[in-house]
Every structure is written in structure tokens, then in C-alpha cells.
Amino acid sequence: MKALQFALILFLFSLKTFAQNTAKPWAYWWWQGSAVNKADLRANLQKYAEAGFGGLHIIPIYGVKGEEHNFIHFLSPKWIEMLEYTVKEAESLHLGIDMTLGTGWPFGGIDIKPEHAAKTFELVYEADQLPILKPKITKQQVKRAAPGAEGLVLDHFDKANVEHYLAKFDSVFARNNIGIRAFYNDSYEVYGADWTEHFFEKFKNKRGYELGEHLNIFENKSTFTEEEKQIYSDYQLTISELLLEEFTQPYAAFAKKYGKLSRNESHGSPGNVLDLYAANSIPETEFFGSKPFDIPLYRQDPEYSEKQFGKPNKMVLKLASSPANVFGKKLVSSETATWLGNHFKVSLSQVKPIIDESFLGGVNHVFYHGANYTPVDAPWPGWMFYASTNFNFNSHFWNELPLLNKYIENCQNLLQKSTTDNEVLVYFPIQDLWHKPKKGVYMMDVHNIEKNGIFNDKYRQLLKDLEIAGYSFDFVSDLQITQMAEQKLSKSNYKTIIIPEVEYIPLQTLQAIKKLNSAGIKPIFEQVLPQKTTGYLDLEKNQQIFVRELASLKNTVSTSVISKLKTQTVKREVIQDKGLDYLRKNYEDGLLYFIANQHQLFEKGELTFENKYKYNYLYNPKADSWHEIDAKKTGISKKINLELKSGESLFLFFSNTKKGNLKPNYINSHTNNLDLSSNWNLVFTEGKPNIPNPQSFRLLKSWTLADSIAGFFNGYGEYQKTFNLPESSVSKPAQIQLGDVRETAEVWINDIKIGTAWSLPYNLQIPEGILKTQNEIKIKVRNLSANEIKYLDINKVNWKKFYDINIVDIQYKPFDASHWKPVDSGLLGPIILKY
């Protein structure tokens, strides 16, 4: 009876997790030293709920100097008490709570003895004998560990070691199944681990021969025989399978046992990340670093080192969203805005393009990286994490953040209720990489995707060609192709599978491709057929079978994948030709498009779509407004007149269901321009460290140029002026274009709030009935906090008081803002009224 009751409790908790609001953005929530108290937990949670967050993800990390007496050891009775209190309070505020199954990252800690720890090996030579493999631990310690959780990193390749690690959480959740929504595992980042205690035995069970007889594959030499290449690929494949079967799947099963979801960042690992992502409830990707978006006035932090960290790439996101699409998973999450810019220098206008790119890459469950727990009375800037964009209540954009949060909620509300409409699969060519022997394993580094070996120039060009030609695709692994062929996995809408130019492909995969071909998923081999199968055991026999299987696929080879696709019934979106990026999904009884203008090739004009749906709708997620739009129809082709400036985004929905009482979509047709860039008065209303004197501008420029006080100011300034319009424009709708805003602008005209401009382009619509012949305009501008942190560092204020890495800048050097130049602030213009 007790077992039945416990099962019922787990079921109810499971229902609760899906009832929580995942459309709202969530955030990483670092507990430094776990030095939390109930009053500040409640205050923190209240602020996040009011700002429009959907939930928080607890990650205990290193502590704050001077707070040692408040440190709470991880998983101690006091820590569990704080966790239970947090979950209860969050639930009352309709917030969800996730937690890392550990502290810092990766998994490990005080209870990991050498026998449980991550291992590597060395080859030992004696006289003229063959080498002997000698295992040893890597000695890697948990990064950024919290008090009470320091120690060695876990051996992820051995299920017994994994279960030993998870046992301490068993003891917590078996007693009281605390209402955590999901457990979390951060990016793999286990450095140098390429062995486990029983690897020889596990290898023989999987591959059918003794690896110990072939240790020369790990020698440092420049050339290898074909047999050595095959043996090394068997070794790498075994590592990948062990990571899947002995860590990732047991971790996901542990979460399921307690009615929790499992979130997992599979990247950074030595496995086939597509299979690792697929093993979890919520695949989680990562948007790390700064990207130079081709949007007018978009600013990339000039101190970001692309050479060191790479350029963020949408393909990284698709590595997580692809298995979610293939397996029909509802949510794809993302660690978002990690090192988007230096501390105190990130604006909302820099965040929105990466949010849009995340959506384009298939993400629909954004996690900000992140928000530090901090006592509400801690002096500004409060407690901080070393590598993030600060989304907590000490951030300079906190008052305006609800606007971004609402935008994300509106987008994700649609994205989470829709399913993929991708029709093309692209084979993930990991085998060619795995046939290049070396000491150690190949790690899937997504921070710099060009360097990880799979995304070579040819493969990236194929993916680029597909995107430019307007074909939506998902990546697919060897295992997933086999599962589809064996009907263990839905074939969904897929019509084509593209195999890039590769040398190696497993025989089982090739046979599965042939089965899928018979079932209607047509293969296209780029340029040539693969030449070799994989696996050392029975290689000669399997290669002969492989060659025979290839014979019937000769007509599937194409020198131009794009030309071949155009002869098939695969959907092609010609809007990509206009320089617009899109995501197409099935929604209700129609097709849903998320469209973002991340370039400067389109502003307004006709866009062509092909479908049979009767009605056409536009949804503006910033304004939260639906509109019906007209289309010129010719058969299944329809042309829609649309305005979408660089930096903007919207949804189009094609349906057979009539939506009532919608206003038609309005495209600006203003012919008159009035330059409002001159003669402004500025008064500073609130901020720190001191309120500057009022300023007057004949021509707009940064308010930091006026005096030394303004050069350190962090807060709000209110601009004001009057302007006249001809009688013919009175009460008519108009648009104000604010030009270069540093960083957000709340606009009032004739004492009526028009709105707040917080993203590029800084344009606001002026409704009818507001403009007069004589008008007064007020613009309240919020700047960055960089200038105040410069003031604190010049005056040697002790705010950098954190253990471990403390605070570093975007190049991982000790943070020091005392040498910074004042960051431009206020209205820089030009300001144009279009009427």
C-alpha cells in the first residue's frame, strides 16, 4: 500500500512539473556558499515573479568572503531545509525550481574516492616488449564547487560509480520528494578522462575482441594502418556508448524515478551528442559568447576574444533541437547569454538578437545565464557570478527586463505548442573523425564549433547551402537512423536524408538508409558514396557486404544536393532569398513561422509562401497583437506584403480557422519626416553615485561628455522638448525613430505614454489621437552601470570579494574597470518623427 501511495505522489509531482509556466524565461540561480536565508530567499523569489520569470535553477557554488559564518554545507540538514523552503515559496509565487545534482560542475565531490574518479591512462614500455596500459586518475576537481562538495570529478563511464554518486540524492528524495521540477547536469567538461576501470572487459563485450592486444593505436605517430584506424574508432565508439549507457541514461532514469524531468548539456563530451541529448527529457544547449549581428547599431563587445572562444553558431543549437524534433520532445532549453559582453556592459538590445537566434535554432525554453542569489540589502552590485550576463535585480536593465520577459513568453507560448515541420535529415558525420587515432578522445567542443573536427569546411558549406536555399533540416545520428528503420522511432515529416561527403559509415547505418529509402525517406549522397564501413571485427567480410549494399545506391549520388532537392517534394522557403531567417512549425490546424530579420537585406516588400490554407495571420510578440493579413493567391502560391526592419521579428500563421475581430496589419506609409535631434533639455531623475547637473543639447551627444559626475552616473535621465506639426497631421498615427539609444527609452508625448524602446530598431508607433499642432515630448533614458563600477574601482571599493575565480573580465583576466573610458549614455540620435 505504501508503495502505491508513493507512486501516486510521484505521479502528482510529475503532473505539477508540466503545469508550471515554461513559456516565461527561467534563469540559472547561483547560491554562493549556499549562504542563503529564508527572508532573502522570499524577497529574491518575489522580485523574479514580479519581473515575469517562470522559474529558477539552483546551482550552489563557491562563497563570498566575509560570509563564511553563513555558509551552509551542501545537502546538510540545514541545506535541505533551505531547499524545501525555496520550493514551497516558489510554488506560492507560481515559479518552478530546478536544481543541479551537485555543485559547480561537472559531477563529483567529497564522496568521490579515487576508485570512483575520472580516469586516464599512460602507456608503459619495458625493454622490447609491447606497451602496457597503466590507468590513473585525472585528479580533476569539481569546478566552482560549493562548501561541503569539493572533491574529485566523477568517472562518467562506469554505472556503478554513477550510482554511488547519485546515492546521496536518493537519501534526500526518498525521504521527502521535494517538488523540484527537473534535475540538471551541466556541460560535460571532464578533461582528460578517456578510461575506466573495467574498460577492457566492456570493450570486448561490445566489440568482440581484446583491445589490450592493440595498444599501439594510442602511440604518438603520424601514420596509421587501416586496421589501426578501425580499432581506434571502436575505442571511441565504446567511450561514446559508455557515456550514454552508464551515465546519461542512468541519470535520466534517476530523475524519472522521482517524477522529475532531466535537463542535460551533452556538449563538451566525447560521445555522439545527438544520442546523449536524446536520452533526456529536456536537451539543453548553450549560447556562449558575443556575435557580430548584421543589424544597424548592434554592438559586439570589442573585448570578446573570438580567437579564444569562437563565434556563436546556430548549428550548436540545432545539435540539441534536432534530437528533440526527431524524438518528439516538447522542450529544448538553452543556457543563454553566457559572456555576451563584459560585466556591467550588456544591454537588452544585445540580448534580443541572441534570443531570436535561439528560437531560430529550435530553442523554446530560455534559461538566462544568469541570476545570482544576493541579500537584498547587500551594497550594489551585490553578489555576482564570474561568467554571466547579470539578470538579477541589481542589473541596470532590471526595470525594463519585464518587456523582454514578456516578449519571450509570447514567443515561447507558441513555440512550445507547435511541432517541427522540418522535412530534411542531415547525417552527422562523426565516423570520419573517429577514424583519426590519437591519445585520448575527441571532445565535442561547441564553444568553438569550427575546431571540433566534425564541422569542417565542407560540412559547414553544405549546411550553409541548405539554409540559403531555404531547406529546414535536423541532424541525425547512426543510432537514430537505425531506430527509424526498425520503426522504433517515428519518421515524422521527414522526406529526405542527406549524407555528406564522407569516407566511413557503419554497415548497419547504410542498411538502415536503404530501408528508409523503401519507406519513402529518400537518400542523397553528396558527391560520392562512402568507401568504407566501420569496425575492426570481421572487417573484410563486412566490407564485402558493404560494397554490395552500395551498388543499389549509385543513383542516389548527386554533385549538387540543392539541385537534387529541387526535384523532390521537399518544402523550400524562398523568403530565405530575401535575407530573412525563419523557423517553420506545425501549429493547431496550420503552419506557424517565426521570422527574424537578423540582417540588412530586407525592410519591406512581398514575401512568397506556398500552402493551401485559407487565412493568413500575423502575430507581433512585442506588442502581443494578432492581425489578419491579405495575400495575392495563385494556386497554392501566395504573396504577402510585409514590413520587417532589421532587428525585428514576428510570427506568421496560415490556417483554415477564421479568427474573429482582428485588426488588419498596418504597414507604415508615412511620407513626411521631422528631425527632432536638436535642442533638448536633460534632467537626471534617479541614480548613483551622484545626481549630475541638468544639461542642454543643441545637438545630441553622450551625457558623459558634460562633466565628471555624469561620467560616473548609473541611472535615469529625462529629456524634454517641444515641436510643432502642420494641422494636416493632427491626431493621425505616426512613428518615432530614436536612432542610437543608450540603452532604453520610455517615450511620452503630450503626457501620454507611447511605450518603451528597448531593442533594435528603437522605433515606436504613435497611435492616432495623440499628436497636436504643438507637442511636448519627454524621453526617459536608462544607461548601463559600467560607469558606476568604474567609479567603485577607482575608489577601491571592496565589492570583488568572492572565492575561487572571484570576478574576471570577458578575457578571464582579473576584473578592473578603473581604466575604462566612460561608456556612452543617453540619446545619441538621430531622432526622426515620420508622419
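Gly520 follows helix H15 and has a positive phi, near 110°. The model is predicted: local features need pLDDT of at least 70, side-chain atom pairs count only at pLDDT 80 or more, and totals for chains, interfaces and linings use all residues. Residues are numbered from 1 along each chain as its sequence is written, and side-chain values use heavy atoms, with hydrogens and water left out. Helices (H or I, at least four residues) and strands (E, at least two) are DSSP runs, numbered from the N terminus.

- Helix H15 covers residues 507-519 and has 13 residues. From first C-alpha to last, H15 reaches 19 Å, close to the 18 Å expected at 1.5 Å a residue; the expected span is 1.5 Å times one less than the number of residues.
- The buried residues of H15 include Leu507, Leu510, Ile513 and Leu516. Buried means under 20% relative accessible area, exposed over 50%, and partly exposed in between (1.4 Å probe, protein chains only).
- Among the elements that cover the buried residues of H15 are strand E14 (424-427), helix H14 (478-485) and helix H16 (539-551). Contact here means heavy atoms within 4.5 Å.
- Helix H10 (residues 348-360) also has 13 residues, and 13 of its 13 residues are buried.
- Just after H10, Gly362 takes a positive phi of about 100°.

**Whole protein**

- The protein has 19 helices and 39 strands. Its radius of gyration is 29 Å, close to the 28 Å that the globule rule gives for 835 residues, so the protein is as compact as a globular protein of that length. The radius is taken over C-alpha atoms, and the globule rule is 2.2 Å times the number of residues to the power 0.38.
- Along the principal axes, the C-alpha atoms fill a box of roughly 90 × 75 × 60 Å.
- Of the 835 residues, 61% are buried.
- Among contacts with a separation of 6 or more, 79% are between residues 24 or more positions apart.

**His369 and Gly370**

- His369 lies in strand E12 (residues 365-372), and Gly370 is in strand E12 as well.
- The peptide bond joining His369 and Gly370 is cis, with omega about 0°.
- His369 counts as buried because its relative accessibility is 7%.
- Leaving out residues up to four places away in sequence, His369 touches residues including Tyr28, Trp30, Glu335 and Phe385.
- His369 and Glu284 are 85 residues apart in sequence and 13 Å apart in space, C-alpha to C-alpha.

**Glu573**

- Glu573 is found in the loop between helix H17 (561-566) and strand E19 (581-587).
- Its relative accessible area is 4%, so Glu573 is buried.
- Apart from neighbours within four places in sequence, Glu573 is in contact with Ala469, Gly470, Tyr582, Arg584, Tyr593 and Phe609.

**Backbone exceptions**

- Most residues other than glycine have a negative phi, and most peptide bonds are trans.
- Phe344 is not a glycine, yet its phi is positive, about 70°. Phe344 sits in the loop between strand E11 (333-338) and H10 and is buried at 9% relative accessibility.
- Asp751 has a positive phi near 65° and lies in the loop between strand E34 (744-749) and strand E35 (752-757). With a relative accessible area of 56%, Asp751 is exposed.
- The peptide bond from Lys688 to Pro689 is cis, with omega near -5°. Pro689 is in the loop between strand E29 (678-688) and strand E30 (695-699).
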